[in-house]
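Hi everyone, thanks for coming. I'd like to walk you through one model today, so let me put it on the screen.

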There are 2 protein chains.
Amino acid sequence: MKSNLHHILPRSGVLRSHSTYYKPQIKTFSGTPWRYIRTTGMSDKELSAIRIDRDRLWKDLHTTCEWGKGERWGENATDIGMSRLASSDADKQARDWFVKTTQDLGCDVNVDAMGNIFAVRPGMDNSAPPTYAGSHMDTQPTGGRYDGILGVHAGIEALKTMKDNDMETEYPTGVINWTNEEGARFPISMISSGVWAGAIPLEKAYNLREVGSGNATQKSELERIGYLGPLEANHKANPIAAHFELHIEQGPILEASGGKIGAVEGVQAYKWHTITVNGRDCHTGTTDFQNRSDAMLTAAKLILHSHNRASEAGCLASTGILTLKPGSTNTVPGVVQFSLDIRSKEDAALLQLEETLKSEFSKIAQGEEIGGLNARGTKGRGCTVKWQLDTDSPATTFHEDCIKCVEESVSDMLGTSEGPNVQRMTSGAGHDSVYTARRAPTSMIFVPCRDGISHNPAEYCSQEDCGNGAQVLLGAMLRYDRLRASRKT
Amino acid sequence: MKSNLHHILPRSGVLRSHSTYYKPQIKTFSGTPWRYIRTTGMSDKELSAIRIDRDRLWKDLHTTCEWGKGERWGENATDIGMSRLASSDADKQARDWFVKTTQDLGCDVNVDAMGNIFAVRPGMDNSAPPTYAGSHMDTQPTGGRYDGILGVHAGIEALKTMKDNDMETEYPTGVINWTNEEGARFPISMISSGVWAGAIPLEKAYNLREVGSGNATQKSELERIGYLGPLEANHKANPIAAHFELHIEQGPILEASGGKIGAVEGVQAYKWHTITVNGRDCHTGTTDFQNRSDAMLTAAKLILHSHNRASEAGCLASTGILTLKPGSTNTVPGVVQFSLDIRSKEDAALLQLEETLKSEFSKIAQGEEIGGLNARGTKGRGCTVKWQLDTDSPATTFHEDCIKCVEESVSDMLGTSEGPNVQRMTSGAGHDSVYTARRAPTSMIFVPCRDGISHNPAEYCSQEDCGNGAQVLLGAMLRYDRLRASRKT
Ligand SMILES: [Zn+2]
Ligand SMILES: [Zn+2]
């Protein structure tokens, strides 16, 4: 099972130093000595003339989606979801395709200890780290064809386009396939970029057991499919110069506003809490409102209030889980637990919202009138509220250099950098770029997905939007390469 | 197993006609011919001098509670809950005690086809049906010592007191133990009084299977314990002149207001609905409020609104069950189902509330501002609301004659019919009296229970309150007997 992995790794099994590792291997084109185009010499107009092959991208993407097919949801050939869990046999097939395709392009391909695959197309100066596109090829068990997969394919398409146009970048460029981004099989999301960034210990990641009844660990499964690589999974041993990630938005904002591209400025901060409301069970028929400690009515008020306060503060608040006890039509619940997911672009705003809600939830539960919530009903005997913090993820701010390269690349493609077709956005969900941003300039490119639906077989991004995204990704990588060179001089 | 049942039934197995059936069997006292006291000849003052034995009542009640003991909750000898499911071995032990005790009092004891036990102490004119006390000796699996049990014991204590005082009532008086009132084992509550009243078919009741994994039916278990009686379970074959039921309030109103006795005017109407809110799943991080169809937020608004409208209308509204899908912290739920239990003293008021909520729920779900609910938050894309009616129980109005007898009996006991010690109340929960009220004048007597707790091992009614209730029950039965006689003339 490991044969195809071994031949892509340095024979010694030890990574060569950067100064020699990214040394160009191909210096001829069609057998003839040939001078590459360099980004440094290109005008904006020349840069904008480098165009990806939209049909090839579309075809490649749906080719690899033959491995790990999920549920059919429509009548077209590609109206089929994905179920390609990390380190599954289908994931191995997709990885093998990735390795073969990028090697055929002339890339050096290395796999690290977390199974992250780094395919690097050499540039002029291979002593510095590559400018990367990166995303993931694993999916949710009932996922779609675009989340993650599009970003990896667009990176490969960018490298193919560079080759087609006889370009030699100033610095190496590459594409990364991060392992188990979804956290659907081994239940920590973005875990392998997290290990690379030094945020998650390797041992913790290795020992993570698959969800369900199986006994496989992340390590055992990487080994099984031949993708437990010798390269250290660490940003110091294997640095990144920049990380650009094309991704479907997974939300409705671009579609609703008619925008084509989102230049992503960062990722929201979020905190997950479990809120417990304690009241007292009583009979729904024999207990008047004055004498109730109704945990469900109180929870309803708190959920509505969290929405109102988040609205006012430009934040988000959501309840996705709610359980109650004892759970009988004619018993007022004595205990309700619910999840409270609060998000904001700014850590400070999130903290402010959290503190406001902590103070006001208790008062509302005791029957105080806040926000008109107790104005019309009957004040009961009151409940108590407990908070438990489950997850705390601070805000991520992407790098202005990268964001600007994305915006300018949209301008290259569309002829304008402003206007309705590009908008700065904040990602609501986590991505591998959250971890790369800790160690390297990073930005993301969002494209619309139909009805904002994701993590669903019917997730859909049109061929046009996939192509737009890949074109912007290519342009951003080339512009960043030129920017790096300009700063060196 | 049936031996003790057979000897209490008429030898023919056929109920004798009323004209002969309740013929007094004992006309001597201590072996000496003896003249009974008749209610007709008694003044209010004389009536009020007939006092139950509060210690005997308390002792008897805790004696039978040795059969079917539940969970201990306190340090006193009787601080133990009950787990005496209908037609269990423990229920048989309690029934056997009931039969022996009432037979020893000189009662004729008959069992009907639903296992309801009718113990009748003959009066002067035994051609008319008896004035009954009635309640139930079965309990919830985690029930207490007073719900139902107190009412039966108080009825027996009333008959014992009549005997102690050498009273001969104008008409027969009796006590009924209704089968499976709780519906905890065979899952329809008040089922046996329901069959008696002609509201529930006998076959349906017989075929009812026990909850859980067992195969026993109500009929097979009655047969097993020897209480499948030959008497037709029907109000025509076995009529009742009046039904008085002493019961713990099972709510906090008496305790909170310092009241001693509730004279129950009727039982609330109630309707149980399942409300389904349909929105759309989306990611909590990537979907702004404008673009959500948040079924949980909508459900929270509807639950709060139902409370507000019920408050305004003097009705009750409660949600005891709520489930949502898909149930993940970072997914806004697309579907929420919740129970809505609405109650009112008046059928018309309940219908009005239901119609108001049906109209307004849909509007609120669509984002309309009703009752200030959408004033501060963000209007989303809206949800839809479906209603399903699960249970419709109209209001029961008890008989003014019976209610007055209860009030006057409180006056006999306490020296005043008005004031804080007696209050007219509406029962929030169902009782066998709901069905007897369809076929005979009925009222109930409520006594306080600590913290309003019931259907719980820690259910508690003090010896004083148990005694008060039994005293009022006796007085009401005697007053009703006198009233019947006065109307005949
Ligand atoms: Zn993704
Ligand atoms: Zn009861």
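I'll start with the metal site and then move on to the contact between the chains. Please keep in mind that this is a predicted model.

So, what coordinates the zinc ion, ligand 1? We have H136(A) and H247(A), each through NE2, plus D147(A) through OD, at 2.0 to 2.2 Å. Along the chain, these donors follow the spacing H-x10-D-x99-H. H136(A) lies in strand β7 of chain A, residues 131–136, while D147(A) is in the loop between β7 and α6, so this pair ties together parts that are 11 residues apart in sequence. As for accessibility, H136(A) and D147(A) are both buried.

Now let's turn to the interface. Chain A and chain B each bring 59 residues to the contact. Between them they bury about 5,000 Å², and 60% of that is on carbon and sulfur atoms. On the chain B side, the residues losing the most area to chain A are F289(B), T329(B) and R376(B), together 15% of what that side buries.

You'll want to remember R376(B), as its side chain also meets that of E312(A) in a salt bridge, at 2.7 Å from N to O. The count of salt bridges between the two chains is two, and 20 residue pairs are in polar contact across the interface.

Which element of chain B gives the most to the side that touches chain A? That is α11(B), with 13 residues. By residue type, that side of chain B divides into 21 nonpolar, 26 polar and 12 charged.

Key. Residues are numbered from 1 along each chain as its sequence is written. Chains are lettered from A and ligands numbered from 1 in the order in which they are written. This is a predicted model: local features need pLDDT of at least 70, side-chain atom pairs count only at pLDDT 80 or more; totals for chains, interfaces and linings use all residues. Side-chain values use heavy atoms; hydrogens and water are left out. Donors are N, O and S atoms within 2.8 Å of the metal (3.2 Å for Na, K and Ca); water is not among the atoms, so sites may look incomplete. Helices (H or I, at least four residues) and strands (E, at least two) are DSSP runs, numbered from the N terminus. Buried means under 20% relative accessible area, exposed over 50%, partly exposed in between (1.4 Å probe, protein chains only). Contact means heavy atoms within 4.5 Å. Buried area is the accessible area (1.4 Å probe) that two parts lose on being put together, summed over both. A salt bridge is a side-chain nitrogen of Lys or Arg within 4 Å of a carboxyl oxygen of Asp or Glu. A polar contact is a pair of N or O atoms within 3.5 Å; within protein, one must be able to donate a hydrogen and the other to accept it, and residues adjacent in sequence count only if both atoms are side-chain atoms. Ala, Val, Leu, Ile, Met, Phe, Trp, Tyr, Cys and Pro count as nonpolar, Asp, Glu, Lys and Arg as charged, and the others, Gly among them, as polar.
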